[in-house]
Amino acid sequence: MSTHKHHTGLIDRYRDRLPVSANTRIISLNEGNTPLIQLYNIPRLIGKDVDIYVKFEGLNPTGSFKDRGMTMAVTKAVEEGSQAIICASTGNTSAAAAAYAARAGIKAFVLIPDGKIAQGKLAQTLMYGAEIIQINGNFDKGMALVKEIADHAPVTIVNSINPYRIDGQKTAAFEIVDDLGFAPDYHCLPVGNAGNITAYWKGYKEYATDRVCSTRPVMCGYQAAGAAPFLAGHPIEDPETIATAIRIGNPQSWDYAWAAQKESGGWFEKFTDEQILAAQKMLSQYEGIFCEPASAASLAGALHDIALGNIPEGSKIVCTLTGNGLKDPDTAIAQCAAAHPVTIEATLDAVKRAILDCL
Ligand SMILES: *Cc1c(COP(=O)(O)O)cnc(C)c1O
């Protein structure tokens with residue numbers, strides 16, 4: 001007899017740990033259940049005895065972890081009778097909000113920074129049929145406007161200040177423990193608005209409290225050098241980084257993220273765009289895993305802290321890869337410009353020569 005169970009989304013899977021009832025109409029695209037992939041070649045390459053796993057959240061329905069939060073936020077918005085949702089976004093939140101609104105049959109308004117959104121995210125948001133409001137300002141400005149507008153128009157905010165977003169996203173920690181059979185020693189992830197580090201810590205704490213796992217990981221939050229308010233110790237004015245998903249200067253989950261850092265014995269660190277892009281390329285080239293730039297901050301950070309011994313040999317490490325590399329084709333192609341294909345004659349001889357030249 002088959003024990004196969006069709007995965008019908010994270011709310012269905014973890015409904016006992018989420019704020020839904022038997023009567024709740026669940027708005028889902030079967031998100032979650034993403035692969036936890038062990039890296040083989042990179043640990044060998046760096047010559048360290050560490051187990052590194054990546055949680056590839058880029059394989060969610062809209063290509064980022066935002067789907068975890070959005071299934072919960074939209075489910076609750078619909079349950080509460082809302083006809084419209086709104087968010088500020090660097091791109092992935094708007095894609096997820098637009099998709100789940102389409103699924104629910106409600107309207108989505110998204111505020112995006114003018115010209116600073118990756119092409120794939122824009123394409124998705126347009127196709128799902130959201131109302132796009134492009135603003136002359138960055139994410140932080142959009143976030144401030146969204147917080148104000150909710151008092152003036154009948155719209156539900158679905159940014160991660162919506163607590164249901166955090167509830168949905170904490171399920172990624174559950175999945176990791178359920179897959180491994182234990183909690184990792186270190187959990188590394190990029191930090192932008194800081195909702196995700198808040199959510200993971202909540203999930204790990206909940207499982208540890210209920211004795212599903214006996215330990216909790218040290219939380220390591222990594223930022224882009226040009227957008228690193230947690231390293232500065234205060235919000236910053238004009239965040240800048242090629243990793244647009246974490247181009248945020250005024251994180252909304254500021255206190256929760258600090259709590260996760262303190263309670264777990266963890267730390268924040270920052271990396272240059274060059275370091276982030278190098279990690280993104282490394283993961284693609286050596287492991288066949290293509291994530292977006294912001295996501296690679298987790299691996300850049302893990303490798304840095306392994307090299308320094310902050311993460312000792314023998315450790316079990318999970319890095320969250322927050323989004324799919326296909327989200328931002330322009331950055332990928334620009335990075336590989338040197339390897340741009342040359343055109344040759346369409347003859348057997350020319351192709352043969354091209355191959356033999358490379359071997
Ligand atoms: C949203 C996002 C982040 C940052 O997550 P926060 O919860 O805002 O800290 C990182 N990477 C990607 C790809 C994202 O979409």
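Student: What places Ile 133 in strand E5, and why is Ile 133 called partly exposed?

Tutor: Strand E5 covers residues 131–135, and Ile 133 lies in that strand. Helices (H or I, at least four residues) and strands (E, at least two) are DSSP runs, numbered from the N terminus. The relative accessible area of Ile 133 is 36%. Buried means under 20% relative accessible area, exposed over 50%, and partly exposed in between (1.4 Å probe, protein chains only). At 36%, Ile 133 is therefore partly exposed.

Student: On what kind of model do these values rest?

Tutor: This is a predicted model, in which local features need pLDDT of at least 70 and side-chain atom pairs count only at pLDDT 80 or more, while totals for chains, interfaces and linings use all residues. Residues are numbered from 1 along each chain as its sequence is written, and side-chain values use heavy atoms, with hydrogens and water left out.

Student: Which residues does Ile 133 contact, leaving aside its neighbours within four places in sequence?

Tutor: Ile 133 is in contact with Phe 109, Val 110, Leu 111 and Ile 112, when neighbours within four places in sequence are set aside. Contact means heavy atoms within 4.5 Å. As for Gly 120, its C-alpha atom is 17 Å from that of Ile 133, at a sequence separation of 13 residues.

Student: How do you know whether the length of helix H9 agrees with its number of residues?

Tutor: The expected span of a helix is 1.5 Å times one less than its number of residues. Helix H9 (residues 195–209) has 15 residues and should therefore span 21 Å; its end C-alpha atoms are 21 Å apart, which agrees.

Student: What makes H9 mostly covered?

Tutor: Twelve of the 15 residues of H9 are buried. Among them are Ile 197, Tyr 200, Trp 201, Tyr 204 and Tyr 207. Thr 198 also lies in H9, and its relative accessibility of 10% is why it counts as buried. Apart from residues up to four places away in sequence, Thr 198 touches Ile 166, Ser 253, Tyr 256 and Ala 257.

Student: Why is H9 called oblique to H11?

Tutor: The axes of H9 and helix H11 (residues 254–264) come within 8 Å and cross at roughly 45°. This makes H9 oblique to H11. Angles under 35 degrees count as roughly parallel, over 145 as roughly antiparallel, 65 to 115 as roughly perpendicular and the rest as oblique. The axes themselves are lines fitted to C-alpha atoms, for helices over the stretch in contact, with angles from 0 to 180 degrees between N-to-C directions. On the H9 side the contact is made by Ile 197, Thr 198, Trp 201 and Lys 205, and on the H11 side by Tyr 256, Ala 257, Ala 259, Ala 260, Glu 263 and Ser 264. By class, six residues of this contact are nonpolar, two polar and two charged. Ala, Val, Leu, Ile, Met, Phe, Trp, Tyr, Cys and Pro count as nonpolar, Asp, Glu, Lys and Arg as charged, and the others, Gly among them, as polar.

Student: Why are H4 and H5 called roughly parallel?

Tutor: Helix H4 (residues 92–104) and helix H5 (residues 119–128) pack at an angle of about 20°, with their axes 8 Å apart. H4 and H5 are therefore roughly parallel to each other. Residues of H4 including Ala 95, Ala 98 and Ala 102 take part in the contact, as do Lys 121, Gln 124, Thr 125 and Tyr 128 in H5. The classes here are five nonpolar, four polar and one charged.

Student: What makes H12 roughly perpendicular to H13?

Tutor: The axes of helix H12 (residues 273–287) and helix H13 (residues 293–308) come within 7 Å and cross at roughly 90°. That angle is why H12 is termed roughly perpendicular to H13. The contact comprises eleven nonpolar, two polar and no charged residues.

Student: How do you know that helix H8 is largely enclosed by the rest of the structure?

Tutor: Eight of the ten residues of H8 (residues 171–180) are buried, so the helix is largely enclosed. Phe 174, Ile 176 and Leu 180 are among them. Just after H8, Gly 181 takes a positive phi of about 90°.

Student: Is Ala 194, with a positive phi, buried or exposed?

Tutor: Phi of Ala 194 is near 75°, and this residue is found in the loop between strand E7 (186–190) and H9. Its relative accessibility is 4%, so Ala 194 counts as buried.
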